[in-house]
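Hello,

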Amino acid sequence: MEQYLPTMAIFFGVTLAVSLGLTPLVRRAALKLGWLDLPGEERRVHRVAVPRLGGLAIYAAFVVGVLLTFLFSVRTNKVGNEQFEGGRVLLMLLGGGVITLVMAVDDVRGLKPLPKLLWQVGAALLMVAPSLITPGSANTGDPSGTVHYDQGAGVLATSFQNPFGGTLQLPVLLGVLFSLFWIVG
């Protein structure tokens, strides 16, 4: 772990710099365009006008940090379902990007709850569906000796640790529903 500290510190510094650099730019653009949360609007608790769209800068910095991590820690000897790890992370970034854009549109134009929810479900499906197209294999290497379906090319939870001991197994359909609920929630 200690050998990675300098690299992690550099990644943190670059991500922090991107965030600190983009946040004032996004703030300035929101102020110039009048995209503000105003005091007194429904569901607003601010005492002064607050610029919207800050999530764009935060998401961009997050993406830079994740991509740096993957670019500089590429392993070539991936075995089994590890081969899908990069793709799963990219799917999560893509799903997160869809949600970030939908929330930016909501900040600017205001969206009703149902369309926002449908976009969130669509982004979650984008992450889960590849598991159904390119499934993982049954994983028998679990230390508890359980056999479970691995997530394959997508993001799919079909098993998790029971806080009272052991592993809870979900059938694939229930795993899809649980994953969608978890991601959207």
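This is a predicted model: local features need pLDDT of at least 70, side-chain atom pairs count only at pLDDT 80 or more; totals for chains, interfaces and linings use all residues.

**Notes on the model**

Leu-53 sits in the loop that runs between β2 (50-51) and α2. The phi of Leu-53 is positive, about 75°, although the residue is not a glycine. Most residues other than glycine have a negative phi. Leu-53 also counts as buried, because its relative accessibility is 9% and the cut-off for buried is under 20%.

Now for the overall layout. The chain has 5 helices and 6 strands, and along the sequence they come in the pattern α-β-β-α-α-α-β-β-β-β-α. Of its 185 residues, 26% count as buried. Among the contacts with a separation of 6 or more, 46% are between residues 24 or more positions apart.

The helix pairs come next. Two packed helices are described by the angle between their axes and the distance between the axes.

**α1 with α2.** The axes of α1 (residues 5-33) and α2 come within 8 Å and cross at roughly 160°. That makes α1 roughly antiparallel to α2, since an angle over 145 degrees counts as such. The crossing of α1 and α2 is right-handed. On the α1 side, the residues that meet α2 are Phe-11, Val-14, Thr-15, Val-18, Ser-19, Leu-22, Thr-23 and Val-26. Their partners in α2 are Gly-54, Ala-57, Ala-60, Ala-61, Val-64, Gly-65, Leu-68 and Thr-69. By class, this contact of α1 with α2 holds 10 nonpolar and 6 polar residues, with no charged ones.

**α2 with α3.** Helix α2 (residues 54-71) also packs with α3: their axes come within 10 Å and cross at roughly 170°. The two helices are therefore roughly antiparallel to each other. From α2, the contact draws on Gly-55, Leu-56, Tyr-59, Phe-62, Val-63, Val-66, Leu-67 and Phe-70. From α3 come Glu-85, Gly-86, Val-89, Leu-90, Leu-93, Leu-94, Gly-96, Gly-97, Thr-100 and Ala-104. The contact of α2 with α3 divides into 12 nonpolar, 5 polar and 1 charged residues.

Gly-96, one of the α3 residues in that contact, lies in the helix spanning residues 85-109. Gly-96 and Gln-120 are 24 residues apart in sequence, and their C-alpha atoms are 9.2 Å apart in space.

**α4 with α5.** The axes of α4 (residues 113-133) and α5 (residues 172-184) come within 9 Å and cross at roughly 140°. That makes α4 oblique to α5. The crossing of α4 and α5 is right-handed. The contact of α4 with α5 has 12 nonpolar residues, 2 polar and no charged.

Thr-167 belongs to strand β6 (residues 167-169). With a relative accessible area of 17%, Thr-167 is buried. The side chains of Thr-167 and Gln-161 are joined by a polar contact of 3.2 Å.

Best wishes

Terms used:
Residues are numbered from 1 along each chain as its sequence is written. Side-chain values use heavy atoms; hydrogens and water are left out. Helices (H or I, at least four residues) and strands (E, at least two) are DSSP runs, numbered from the N terminus. Axes are lines fitted to C-alpha atoms, for helices over the stretch in contact, and angles run from 0 to 180 degrees between N-to-C directions. Angles under 35 degrees count as roughly parallel, over 145 as roughly antiparallel, 65 to 115 as roughly perpendicular and the rest as oblique. Contact means heavy atoms within 4.5 Å. Ala, Val, Leu, Ile, Met, Phe, Trp, Tyr, Cys and Pro count as nonpolar, Asp, Glu, Lys and Arg as charged, and the others, Gly among them, as polar. A crossing is left-handed if the near helix is turned anticlockwise from the far one by less than a right angle, and right-handed if clockwise. Buried means under 20% relative accessible area, exposed over 50%, partly exposed in between (1.4 Å probe, protein chains only). A polar contact is a pair of N or O atoms within 3.5 Å; within protein, one must be able to donate a hydrogen and the other to accept it, and residues adjacent in sequence count only if both atoms are side-chain atoms.
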